[in-house]
Structures are given as C-alpha cells and as structure tokens.
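Here are my notes on the model you asked about, as a few numbered points. Have it open beside you as you read.

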Amino acid sequence: MKSKCFLLFKVQFFNQVNVKSKAKSQVMVMVSMGILGVILAIYSYMIGYGLGSMGMAEVIPSYALAITSIVTLFFTAIKANGVLFAYKDYDILMALPVKTSTVIASRFLTMYVLNLIFTALVMVPMGISYIVWQGPGFLFYPVWIAGLLAAPLVPTTIATLLGALIILFTSRFKYANILTTVVSLAAMIAVVLGSFSLGGVSDESIDISAIKSVGEFMLVQINRIYPLASLFHKAVVKLDMVSFLIYLVISAGWYYLFVKVLSLRYKKMNTGLMTYHTRSDYKMTSLSAGSPLKALWKKEMKRFFSSTPYILNMGMGIILAVVFSIACLFVGRDQIGTILNMPGIQDVIGGVLPFVVSMLGCMSCTTSVSLSLEGKSIGILKSLPVSPELVYKSKILMNLTLILPAMLISSACLAICFPQSLPGVVLIFVTPLVYGTFTSIFGMFVNIKMPNYEWTNEISVIKQSMSSMAGIFGGMINGGIPIIILVVFKNLDPVVVGAIFTAAEAVLSVLLFGYLKKLRF
Amino acid sequence: MLEIKNFSKTYKGSKKAVEDLNLKVEAGDIFGFIGHNGAGKSTTIKAIAGVLDFEEGEIFIDNKSIRSQPVECKKVMAYIPDNPDLYEHLTGIQYLNFIGDIFEVPVREREERIKKYGDEFEITSAFGDAISSYSHGMKQKIAIISALMHEPKLLILDEPFVGLDPKASILLKQTMHELCERGSAIFFSTHVLDVAEKLCNKIAIIKGGRLVVEGEMEKLIGDESLESLFMEVIDHEK
C-alpha cells in the first residue's frame with residue numbers, strides 16, 4: 001500500500017508542481033521559488049525575533065503553529081477541489097488496482113507536502129528565533145520537528161472537507177461556479193471572523209486582571225483561535241510530553257479518521273461532483289453578433305467567472321482594495337497608518353494613497369495566467385483568424401474590466417476620506433488607472449514569455465506558476481516602490497513624486513505594449 | 001487552394017518530423033492524407049492550420065502564405081483538430097456564436113447554418129448545456145458545425161471520424177461532398193483506409209515524414225484497393 005501510495009503521489013506531485021524537461025525555465029522557476037522561500041523565511045525569523053525582543057518569546061510556538069494553520073486552511077480550501085475531488089484523471093486512477101484509501105492518501109499527500117514546505121519555511125526560522133531567545137534544551141528539537149510535521153494535517157483535512165461540502169452543495173444549482181465562489185468566500189470570511197470572535201476578549205470569558213503581560217494576552221488570543229496551539233505551546237515551552245502526545249494523536253488521529261471516513265463516501269462524492277446536470281432542452285433563438293475583440297473579451301470574462309480558484313486568487317487584490325478603501329470611510333484617517341502597519345506612514349499618508357490603491361489593485365493580474373489557462377484549447381486560438389495583438393488586447397481589456405471599476409471605487413472613497421489638493425485628487429484617480437494598465441500589459445508579457453499549456457489542473461497555473469507569481473508580486477513591487485520612497489524621503493513633495501512615477505508608468509505601458517504587439521504566442 | 005512547397009519541420013532535439021513535403025490541393029478536391037501513427041500527418045496539418053510554426057518551406061492557402069499572412073489565410077479556412085479541446089466553460093451555442101463573431105459571419109447566415117447543422121447532427125437540444133458536460137462525439141459535432149459556419153474555402157480535418165457515431169459519420173461525409181461541390185477543398189488525415197477510398201478523389205501517403213505516394217485515387221489504385229496500395233507502398237519503402 002505504501003509503495004503504491006508513494007508512486008501515485010510522485011506522479012501527482014511532479015504534475016502539480018509542473019516539473020518540465022526544459023532546463024532553462026526550470027532553473028528560473030526554482031530560483032524564483034527559492035527567492036520567495038528565502039524572503040518568507042527571513043520574514044518569519046524577523047517576526048519571531050521581534051516577539052522575542054519584546055519579551056514575548058513564549059508566544060512564538062503558538063504563533064508559528066496558528067499562523068501556518070490558518071494560512072494552510074485558507075489556501076487549501078481553494079485548491080482541494082481539483083486535487084482530491086473532481087480531478088481530471090479520476091477515472092484512470094480509480095480504475096487502477098489500488099484501494100480507495102490509497103488513492104485518497106496519495107492525493108492528500110500532495111497537498112500535505114506542498115503545505116509542509118510552506119509550514120517549514122515559517123516554523124523553522126521561528127524555531128531558530130525561539131532558540132536565540134530562550135536557549136531551550138535538547139528535547140525542544142524533536143518536539144519542534146514533530147510538531148512541524150504534524151502541523152499541516154488538521155488544517156489540510158478541514159479545508160478539504162470544507163471545499164468538498166461547498167462544491168457538493170453548490171453543484172445542484174444552475175450557476176454553480178458563481179455560487180461556489182460566493183459560498184467559498186463567505187465560508188472563509190466566516191472561519192476567520194469566527195476564529196477571531198472565539199479569540200475575542202469579553203468580561204465573562206476572561207479575567208483581564210489575571211493577564212499579567214501583553215505576551216500572555218496574545219497567547220490566550222492565539223490559543224482561542226486555534227486550540228491545538230495551546231497543546232503545542234505547553235509541549236515546547238513547558239516540555240509537557242502529555243500535551244505533546246495529545247497534539248500528535250489529535251493531528252494523526254484526525255487525519256486517519258478523515259481518510260477512513262472519506263473512503264466510504266469517496267466514489268459517491270466524486271460522482272456527485274463530476275455529474276453534470278444537463279437540461280438538453282435548447283431551442284434556437286436569435287443570436288447577437290459582436291466584433292472579434294468583443295467575442296474574445298466575452299470569452300475571457302466567462303472563463304474568469306467559471307473558475308472559483310481563478311476568482312479567489314486573482315480577485316483578491318481588488319477585493320482588498322475595495323474593502324480597504326471602504327473601511328477608510330468608517331475607520332477614519334488616524335487609524336489608517338496603524339492598519340497599514342508601516343512606521344512613519346501617517347506623515348505621508350495622502351501622498352501614498354494612490355500607490356496603495358495601485359498596489360492592491362495590481363495584485364489582481366489575470367493577464368499573467370490567462371494565456372496559460374487556454375491549456376489544450378490554445379490550438380483553437382492559434383487557428384482563428386485573429387492577430388496575436390487582438391488576443392492580447394482582449395486579455396488586457398478583461399483585466400482592466402475587473403480592476404478599473406474597483407480602483408475607481410477605492411479612489412473615490414479615499415478622496416472623500418483624505419481631502420487633497422486638486423493635483424492630489426487627480427493623482428488618486430489617475431495613478432491607479434495607469435498602474436493597472438501597466439500591470440495588465442506586464443502580466444501579458446510575462447505569460448507570453450512563460451506559458452504553460454500542458455496543465456491538467458488549473459491550480460498549477462493560477463497559484464503555482466512562475467508567471468502567476470511574477471504578475472502578483474510584480475504588481476505589488478511596482479506599486480510598493482514609490483510608497484517606500486515617499487516613506488523614507490519624507491521631505492519629497494508627494495504630488496511631484498506621484499506625477500513622475502505615474503508619467504513613467506504611462507510611458508512604460510506604451511513602450512511595453514508596442515513590444516508586445518510583435519510577440520507571438 | 002492549398003499548396004505545400006518543400007515543407008520540413010524539425011522539433012527541438014529530435015529528428016525531422018516532416019521532410020521536404022510538396023503537395024497541391026485544388027478547389028473541389030477531397031484529399032486524404034494517410035500514414036502510420038507518428039508519420040507526420042498531424043505536424044503537417046497543424047502547420048497548414050497556422051497552429052505550428054515552421055522554418056523550412058512554404059504553405060500557401062488561396063495563394064497567400066500562412067507564414068506572412070496568417071490572418072488572411074485563416075479567414076478562408078477551418079481546422080478541426082483530432083481532439084476537440086473546446087472551451088469547456090462555454091455552452092455549445094456560446095461557442096458557436098463566438099466562432100461566428102470571430103469569422104464575422106452575418107447573424108442570419110449564422111443562425112441558419114447553426115440550426116441546419118445542429119438539427120442534422122441531432123445536437124441542437126444540447127446547445128444550451130456547458131461543453132464540459134459533452135461527450136467526445138458531441139464536442140466533435142460542435143467543432144464540425146463551427147468549422148462549417150463560415151463556408152470555408154479550405155477545410156482541414158485531423159482524424160475527423162474518431163468518436164463520431166455512425167449517423168454523424170455518414171452526415172459528415174455527405175457534408176464534405178456538398179462543400180466540395182460548392183467549390184471548396186478538403187484536406188484530411190485518416191487511418192481508416194476504407195473511408196479514404198470511398199471519400200477521396202486524391203490521396204497522399206506519408207511515411208517517416210516523407211511523402212511516398214501522391215495522386216488521384218483512381219489512377220493510383222487501379223483495380224486494387226487502397227489497402228493493397230498502402231501495404232505495398234509501406235512494405236516497399238521498408
């Protein structure tokens with residue numbers, strides 16, 4: 001069973017991470033992933049070190065476990081469907097002479113390993129920062145490593161079940177994909193809000209006077225959000241082996257139970273998920289005609305709204321931008337600096353606003369994956385009598401259709417919240433539009449240069465591809481640079497800096513699109 | 001209608017898939033392109049359709065080069081791949097209307113042709129369902145209807161009969177004849193020699209990327225069958 005499970009896992013894992021024979025692109029992907037990993041590890045170490053420097057080193061174990069578990073829960077829920085359920089090679093896999101539980105274990109292992117890599121990148125540096133501050137004994141090391149290995153089990157299983165239940169519920173409806181997206185979003189928000197309300201301090205639940213320090217307060221909060229963190233805290237800080245064993249038994253037992261129970265219903269659930277509800281009662285009616293560009297644009301829009309992972313991943317930036325700006329109206333300008341969590345930002349907040357909207361909006365870069373998402377259908381696009389330029393335009397237009405209204409709403413909210421001079425108001429509206437346009441063109445450029453049409457699961461393109469990461473992080477860096485400049489060099493006139501960056505971005509957009517037109521996909 | 005001149009294609013790191021291919025397909029021809037698996041049929045067809053780039057040789061469609069005037073060439077032809085990987089998120093009718101928009105087919109003609117072929121292929125009732133719910137044969141039917149919608153001067157098909165039910169196969173053959181009678185040309189690949197023998201007026205046999213036989217069906221097979229000719233040619237070339 002173990003060897004078959006590993007064999008299935010190996011095929012699935014390498015397919016998921018898209019290991020290709022093209023050495024050059026493979027090296028680029030590995031290097032980029034490595035850089036991202038290093039950044040995450042450094043960031044995690046700094047958080048751990050920061051907690052330690054404030055005398056809260058004892059919070060580190062709970063914090064590390066809780067944060068990795070919540071992030072794992074959030075992202076696994078998005079991709080569970082397609083990895084464990086309703087995946088393309090389900091028929092082939094289930095026809096093989098292997099037990100259903102082996103198939104489940106192998107599919108789960110893929111998600112577990114991917115989540116474990118993320119967990120290790122957070123928990124290993126945080127563990128080091130704990131060692132730096134606390135200098136724990138030998139027992140700490142096996143406890144920390146075992147805790148790390150067990151960490152993704154519970155959130156991955158919960159997220160998988162959550163994802164499957166949502167799909168099972170929504171697949172009965174006509175607009176199943178949109179409903180799935182809405183319910184997934186609502187469920188995630190409910191989980192986050194629910195966990196925070198559990199961790200909320202109320203007079204009845206916690207005796208405030210009993211809390212001696214901020215560290216203790218944080219610990220109580222985290223342990224309420226994620227109760228397993230409490231056990232892990234006791235195991236690491238107090239070397240309480242009973243708590244440690246309970247933590248391991250709960251994690252492994254929950255996983256074992258998950259595989260066993262799921263094996264009983266696995267075929268039924270997949271049949272439910274993969275059974276299409278067809279009406280087959282179409283009667284010819286009059287059709288409406290449009291231009292080739294409009295047809296391509298409509299196709300792109302339908303592609304976007306047909307995929308929950310696509311919406312949740314690429315729509316996150318604009319959702320954040322709108323939520324942030326609407327929140328500004330209610331929270332008030334004084335609190336914004338605190339929320340943004342950047343030292344010294346209060347002084348220059350008016351100047352950085354256009355770039356904050358730009359940065360958030362530019363994280364929604366569908367063009368960085370839309371070409372790859374053509375997948376095996378790329379042949380259709382190549383055989384149609386349309387120029388590559390028209391195809392690029394349709395994909396760029398689609399991204400602009402998504403982000404520009406959101407950016408305008410954000411800009412309007414921020415202009416109301418932070419009254420500015422006329423040039424400042426103009427920049428609040430113009431800068432995000434220009435940045436959004438550049439990011440859309442840049443994403444297109446990246447995807448033309450790094451396409452992947454050979455995927456079997458769209459998640460590998462949307463979440464794990466080089467071009468997706470380049471699009472999202474490129475957008476963030478692009479909008480982030482002027483913010484850093486304005487925060488660091490406070491004596492600079494934000495309107496002048498804003499105007500220079502906006503003009504430069506506009507010129508770059510024109511030049512890059514000019515170059516793009518000559519490229520073939 | 002279609003002229004292939006000294007076409008060669010080499011994939012990176014492998015030997016030539018097609019070598020120095022020369023072919024001519026006239027208006028009214030139903031041209032069968034026959035060969036083993038891996039003989040170079042799909043490579044040639046994809047190059048003609050403008051899906052695959054190539055460096056050696058030239059392919060002319062309606063006297064225009066597919067390399068230098070791809071959009072003009074594609075406007076007068078239609079391509080049906082061996083595996084109809086259509087846009088699964090669209091419904092059948094949305095896909096057909098999308099193709100209609102791309103080829104700028106006037107609405108009335110579009111509606112008439114979709115209705116005509118939809119009814120003939122008995123798929124009209126499923127037009128409102130998502131393509132992801134279709135069987136292979138249904139997708140193939142949608143691909144065929146989309147190809148016929150703009151009355152192409154050149155129809156390129158890669159193994160078109162795979163996955164089609166018997167009635168749809170018969171209908172497709174009839175439709176191919178009708179299209180050619182109206183002055184179009186058809187170029188298609190097939191493994192099924194019986195189909196090629198009954199359907200085509202011209203054939204070409206390709207082996208190992210090289211053209212081994214080309215010409216009019218009647219002259220080539222004489223009193224023999226296409227099967228005998230194929231075996232003879234393949235064995236002779238060993």
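1. Let's begin with the layout of chain B. The C-alpha centres of its domain 1 and domain 2 are 25 Å apart. Domain 1 of chain B covers 1-76 + 157-238 and domain 2 covers 87-151, with bounds taken from an automatic or database domain assignment. Seven residues of domain 1 of chain B are in contact with eight of domain 2 of chain B, a contact being two C-beta atoms, placed from the backbone, within 7 Å.

2. A word on what you are looking at. This is a predicted model, in which local features need pLDDT of at least 70, side-chain atom pairs count only at pLDDT 80 or more, and totals for chains, interfaces and linings use all residues. Residues are numbered from 1 along each chain as its sequence is written, while chains are lettered from A and ligands numbered from 1 in the order in which they are written.

3. How confident is the predictor? For chain B the mean pLDDT (the predictor's confidence in each residue, from 0 to 100) is 91, with 99% of residues at 70 or more. Within chain B, helix α3 (92-102) scores highest at 96, and helix α9 (226-236) lowest at a mean of 83. The complex has an ipTM of 0.91 and a pTM of 0.80.

4. Now the sheet. Six strands of chain B form an open, mixed sheet in the order β6-β7-β8-β3-β9-β10; strands (E, at least two residues) and helices (H or I, at least four) are DSSP runs, numbered from the N terminus. Strands pair if DSSP finds at least two bridges between them. β6 and β10 (210-216) of chain B are at the edges with a single partner strand each, so one side of each has no neighbour in the sheet.

5. Do look at β6 (77-80) of chain B. β6(B) pairs with β7 (154-158) of chain B in the parallel sense over four bridges, and B:Met77 stands opposite B:Leu154. Both faces of β6(B) are covered: B:Met77 and B:Tyr79 on one side, B:Ala78 and B:Ile80 on the other, are all buried (20 or more other C-beta atoms within 10 Å of the residue's own, with C-beta atoms placed from the backbone).

6. Lastly, the partner chain. The contact between the chains takes 29 residues from chain A and 34 residues from chain B. On the chain A side, α12(A) gives the most, with six residues.

Key:
A residue is buried if 20 or more other C-beta atoms lie within 10 Å of its own, exposed if 12 or fewer, and partly exposed in between; C-beta atoms are placed from the backbone.
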